[in-house]
Amino acid sequence: MTKVEPVTTPGQAAETVEPTARSGRSRRRKIASLGVLVAALGTMGTLYAGFAPAASSASNNDPAIQRGRELFSHGCASCHGLNAEGGVRAPSLIGAGAAAVDFQMGTGRMPLQQHGPEAPRKRPDPQFSEQDIQDIATYIASLGAGPAEPEDLNYQAADVAYGGALFRTNCAQCHNFAGSGGALTYGKYAPSLSDATPKQIYEAMITGPENMPVFGDQEISPAQKLAIIKYIRVIKTEPDPGGAGLGRVGPVTETAVAWLVGIGGLVIITMWIGSKA
Amino acid sequence: MSTTDDTPPRKRVGRRPTDENPATVERTSAQNVSEQHADSPEELNFAELQVAALFGVGIVMLIFFTVAYFAISIRDNLGQYSNYALGGSLALALFAIGAGFIVWAKKLLPHEKVVQERHDFFSPEAEEIEAENTFLQGVDDMGLGRHKLLRRTLLGALGLFPIPLVIMLRDLGPLPHNSLLVTGWKRGTRLVDADTKLPIKLGSIEIGGIQTVVPEGVEDINDFALAPTMLIRFGPNEILSKKERDWGVNDHVAYSKICTHAGCPISLYEQQTHHLLCPCHQSTFDMSRDAKVIFGPAARPLPQLKIYVDSDGYFRAAGNYSQAVGPSFWERRG
Amino acid sequence: MSAKKADANGDAPVTRPENQGAAEKATRGTLKYVDDHFGSAGFLKRSMDKVFPDHWSFMLGEIALYSFVILLLSGVYLTLFFHASQQTVVYNGSYQPLRGVQMTEAYNSTLHISFDVRGGLLMRQIHHWAALLFVTSIVVHMFRVFFTGAFKKPRTINWHIGTVLMILGILEGFCGYSLPDDLLSGTGLRIAYSVAESIPVVGTYVCYFLFGSTYPGQDIIPRLFIIHVLLIPGILLALIAAHMMILWHQKHTDFPGPGKTEQNVIGTKFYPGFFLKTNGFLFMVFGMIAGLAAFAQINPVWLYGPYNAGQVSAGSQPDWYILFLEGSLRMMPNWESHFWHHTIAWNIFIPGVIIPGIMFNLLALYPNIEAWVTKDKGYHNLLDRPRDVPVRTGLGVMSLVFYMVLVAGGANDILANTFHWSLQATTWVLRVFLIILPPISFKITKRICLGLQHHDEALLHHGVETGIIRRLPSGAYIEVEEPLPAKRAETLAKQIGYQGHDDHHELPAGKNGGASKNGAAAEANGHTQTVTRPVGVLAKARTKLENFWDEPRETVPDTQPHPED
């Protein structure tokens with residue numbers, strides 16, 4: 001388990017250094033880059049310090065691991081193999097890391113109900129408690145080094161606008177501009193982010209569940225990840241100032257409203273006007 | 001009004017004006033056919049009340065709009081309250097006023113059904129012929145048929161007239177030349193992150209990761225709209241094409257992010273199937289097989305950018321793309 | 001002066017009343033003042049007396065007209081705040097999630113209108129909803145005109161003008177949609193650039209002259225702006241004026257019915273009845289658009305983000321009237337030709353240029369094609385019922401189905417994601433639909449029309465089936481049929497009696513029913529005198545098409561007297 005520190009984000013750094021720096025594009029970029037670099041290096045250190053020993057020193061006598069192995073053999077081993085080595089229907093979980101377990105079970109994707117193009121998000125299986133999931137995660141983490149669960153995601157201090165830019169470059173192409181989700185190939189899809197907790201978003205980025213690409217900490221630093229999470233939370237909670245958001249999927253639903261409500265309503269009015277008094 | 005005898009009979013179709021049906025019927029005023037239904041005074045009074053109530057709603061709503069404009073802050077809730085209040089009151093006011101007009105027309109106006117004759121759509125034949133004759137006479141007077149030289153020079157002059165208008169448009173833009181090949185990539189250009197503009201070191205991308213990169217030194221990406229490139233890291237032995245492996249480094253490959261179909265930036269990458277989907281027109285590329293098109297309207301694979309890693313461990317381009325990036329155009333060499 | 005005002009009929013001279021109130025005096029004074037300068041009294045009188053038929057479907061075009069008025073008003077307001085520039089600035093306004101982000105002046109000023117101008121967002125949304133309703137109502141209006149045959153002579157030229165208005169409306173909408181320079185509209189522009197680029201030989205030149213450089217350049221937003229606020233609106237305004245003046249001059253068409261003939265119009269006088277109603281409708285269209293703008297968010301550009309050549313969003317769609325183009329681009333197979341160092345991108349050129357070109361041309365020329373096939377050169381003021389012209393109705397439904405499959409194709413990813421279908425399967429199904437559904441829908445529509453015709457004739461000649469079964473003395477059973485109420489029967493007789501194209505056929509019995517035809521159309525058709533054998537390929541094709549068109553109408557043997565007789 002690691003602790004992701006609330007890092008001073010580049011945007012803020014720029015603001016405290018010189019409030020007018022925002023107008024200078026290149027200067028801001030330079031400061032931003034520096035900030036990211038510092039933040040990335042700092043957090044990387046913390047991260048490595050956090051999980052590297054945890055993975056190696058995992059002893060089989062840890063009661064959590066014992067319990068996790070027990071639960072795993074009942075609930076997961078039929079597909080993933082008795083030693084999580086994987087099977088015909090499911091991948092190996094050695095090296096998958098605790099974050100992957102927490103994400104997959106916490107979002108209800110695992111245990112899988114039926115095979116399809118993609119495991120859908122659903123209510124977490126009630127037969128596994130929070131603690132059960134943690135124990136299984138500990139067990140899986142003990143099998144091989146993998147991404148650990150983040151803790152205390154203090155994203156509130158992050159720069160939302162910077163997160164928005166990162167979101168549009170790295171996330172919007174699949175999850176849509178407002179995180180409403182979108183279609184992928186052959187029945188797969190990028191899910192809506194509206195139900196995802198900050199922790200789950202973070203875990204998804206570091207583990208790359210199913211077909212989602214992995215966004216490692218050297219590619220998108222923990223500070224940047226927090227900024228992305230902040231952006232997702234802000235646009236999720238912000239109101240739609242123009243009225244009903246219409247699903248935030250763009251012009252397709254606007255089309256339906258224009259035809260059904262707009263023209264439909266006006267045609268009814270013409271009928272009223274044309275009718276005999 | 002009817003065809004006179006001295007004009008040659010001409011084949012024509014359409015309704016002719018006759019004596020019973022003079023061409024000037026429109027001038028006769030409309031006549032009522034159905035008598036007015038006199039509503040009872042109570043009904044009329046009630047109708048007036050209805051209309052007045054609707055106009056009254058309009059008045060109240062317009063006053064509300066004015067108050068709301070000044071009273072409700074546009075800063076609260078992103079201006080949502082302001083939009084609701086202003087839009088809602090405006091809509092209600094307009095609806096009420098409009099409905100008032102219509103109820104007024106329907107209930108307070110005499111119920112009448114008016115019959116009006118239509119007029120003919122064409123002129124009496126004599127008039128048509130006169131117009132034709134006048135026109136042709138003018139052509140004759142001008143001597144367009146006789147003066148050959150005049151006619152030809154006129155056609156020449158008028159024909160050339162648009163030329164200045166058209167060539168003036170020349171400076172709307174430069175000629176394309178080879179500029180569609182310019183991407184910002186040169187031999188030795190470092191690959192930098194599209195947002196942070198930081199160079200990328202070998203190993204910083206996880207297996208199954210993808211990063212959008214641009215050439216180092218490009219400040220505004222919109223200046224080099226063909227530059228965006230994807231750096232993808234595969235797992236060991238996942239790349240199935242030798243050429244793709246050779247142009248990459250240690251399972252890292254770089255491909256143009258600009259779709260070869262209609263130029264959308266394309267990066268819906270599925271790390272297990274290695275499919276890459278375009279969100280605009282759903283062209284699907286298999287990134288493990290040289291970005292081969294496996295579905296959709298794109299005709300060509302995405303161009304690959306040959307990359308290498310310098311002594312400091314940073315990714316660099318081995319040169320520009322070997323072919324034009326983005327959608328096809330006439331001058332593009334197949 | 002009173003002599004001038006004398007009635008043309010030569011009756012007693014008309015004089016002004018002696019005792020005039022102040023208001024009356026002022027009104028008469030104004031009207032007289034205007035007339036003294038323009039001689040407008042006669043025109044005014046005729047205009048106020050002009051009769052408009054009452055059917056609701058004749059008001060669909062008004063929606064377009066009034067939406068256009070709103071577009072002009074709200075558009076002028078927006079230009080007061082909008083900066084059509086692609087200069088890069090850093091956003092400093094009150095929308096937090098974009099503060100500090102680099103963007104163009106166009107996008108920046110759009111955000112300013114949305115978040116820092118009171119009522120600015122409302123105005124933007126009014127403008128956008130009005131634009132959607134403008135194009136939508138034009139299309140709905142065209143459905144009405146098409147399916148009732150209102151485009152026939154003498155209104156063919158007005159149909160052409162209307163088609164141009166629709167195409168310009170679509171172009172105008174696309175330009176306006178592109179102006180905010182957000183990520184979504186920039187993606188649309190990028191595709192438009194690619195479509196222009198795909199034109200063989202001149203494509204790249206067209207692009208460079210339009211955009212001033214490679215995509216996106218610095219010029220396209222200012223250029224689109226002037227096209228959007230001056231060029232196209234100017235042409236639209238002129239053409240709308242022409243459209244209305246022709247309508248005014250030719251008078252409105254009407255559905256056949258009791259008392260209605262080819263030579264008259266029955267309805268409400270323009271002033272005051274129609275005037276009040278149409279003004280009321282103007283306000284209600286305003287109200288509908290304001291209501292949508294208040295309660296339904298449209299084009300939230302702040303969520304899309306500024307345009308960036310390296311970014312894109314899932315589900316990138318244009319406004320609905322471009323969706324069919326998007327659909328044709330999406331469904332097209334990936335054809336491309338390479339030869340002599342040149343490339344032709346059929347995969348863009350066909351769906352992006354050729355298909356819309358064919359669609360718009362066919363739409364514009366349809367009245368001429370129909371008149372050529374049916375040899376119908378008569379004048380028409382009474383409308384067809386769709387069922388009475390099965391081939392046209394079938395063709396219309398067929399085209400509509402084709403169009404709708406294209407639109408669905410443009411939203412295939414949203415459909416796939418919403419219903420959890422496979423995106424690829426959805427596209428394939430739509431590709432198949434695009435080929436097979438139109439002919440099937442033609443067949444079905446034509447069949448339904450013929451069935452309805454049959455039903456009408458049965459209704460007219462045999463009456464309504466009451467469901468009462470009676471046993472005859474002979475032992476046979478019959479169902480008692482009740483004749484239609486007189487008024488309904490008369491209307492129906494008129495409707496059946498009036499058909500646009502059966503000039504060659506005997507009309508069903510009934511002098512009244514045939515009167516409208518004999519009075520105008522039949523008499524108008526000179527072609528009976530000029531029967532010639534078809535010569536040449538074109539003429540033979542025409543004859544074939546005419547036979548296809550004029551499949552004999554199914555009639556019910558009639559022994560009963562016509563209600564009118």
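What share of the contacts in chain B with a separation of 6 or more is accounted for by residues 24 or more positions apart? The share is 58%, where two residues are in contact if their C-beta atoms, placed from the backbone, lie within 7 Å.

Before going further, some housekeeping. This is a predicted model, in which local features need pLDDT of at least 70, side-chain atom pairs count only at pLDDT 80 or more, and totals for chains, interfaces and linings use all residues. Residues are numbered from 1 along each chain as its sequence is written, while chains are lettered from A and ligands numbered from 1 in the order in which they are written.

## Chains B and C in outline

Helices (H or I, at least four residues) and strands (E, at least two) are DSSP runs, numbered from the N terminus. A residue is called buried if 20 or more other C-beta atoms lie within 10 Å of its own, exposed if 12 or fewer, and partly exposed in between, with C-beta atoms placed from the backbone.

| Chain | Helices and strands | Buried residues |
|---|---|---|
| B | six helices, 13 strands | 40% of 334 residues |

## A sheet in chain B

Now for the strands of chain B. Two strands pair if DSSP finds at least two bridges between them. Five strands of chain B form an open sheet in the order S3-S4-S5-S6-S11, with antiparallel pairing. Its edge strands are S3 (191-193) and S11 (304-305), each of which pairs on one side only.

Walk across the sheet from S3(B). Three bridges tie S3(B) to S4(B), and the two run antiparallel; here Asp193(B) has Val213(B) in S4(B) as its bridge partner. Next, S4(B) and S5(B) are joined by four bridges, again antiparallel, with Ile210(B) partnered by Ile232(B) in S5(B). Then five bridges link S5(B) to S6(B) (residues 252-256), also antiparallel, and Arg233(B) stands opposite His252(B).

Why is S5(B) (residues 229-233) described as largely enclosed by the rest of the structure? Because five of its five residues are buried. Thr229(B), Leu231(B) and Arg233(B) point one way from S5(B), Met230(B) and Ile232(B) point the other way, and all are buried.

## Where chain C meets its partners

Start with chain B. This contact takes 80 residues from chain B and 92 residues from chain C. On the chain B side, helix H2 (80-108) and strands S2 (113-117), S4 (210-215) and S10 (292-295) each supply at least two residues. The largest share, 17 residues, comes from H2(B). Sorted by class, the chain B side has 46 nonpolar, 21 polar and 13 charged residues. For the sorting, Ala, Val, Leu, Ile, Met, Phe, Trp, Tyr, Cys and Pro count as nonpolar, Asp, Glu, Lys and Arg as charged, and the others, Gly among them, as polar.

Strand pairing crosses between these two chains as well: four bridges join S2(B) to S4(C) (residues 264-269), and the strands run antiparallel. Gln116(B) stands opposite Val265(C) there.

Chain A touches chain C too, in a contact that takes 55 residues from chain A and 60 residues from chain C. Several elements of chain A each supply at least two residues to this side, including helix H7 (160-170), helix H10 (222-237) and helix H11 (251-274). H11(A) gives the most, with 17 residues. By class, the chain A side has 29 nonpolar, 20 polar and six charged residues.

## One residue up close

Val229(C) sits in helix H9 (residues 220-250) of chain C. Is Val229(C) buried or exposed? It is buried, because 21 other C-beta atoms lie within 10 Å. Not counting residues up to four places away in sequence, Val229(C) touches Gly75(C) and Thr79(C).

The predictor's confidence in each residue is its pLDDT, from 0 to 100. Chain A averages a pLDDT of 81, and 78% of the residues score at least 70. Over residues 5-25 of chain A, though, the pLDDT is below 50, and it stays under 50 over residues 45-58 of chain A. Where pLDDT is low, the predicted coordinates should not be read in detail.
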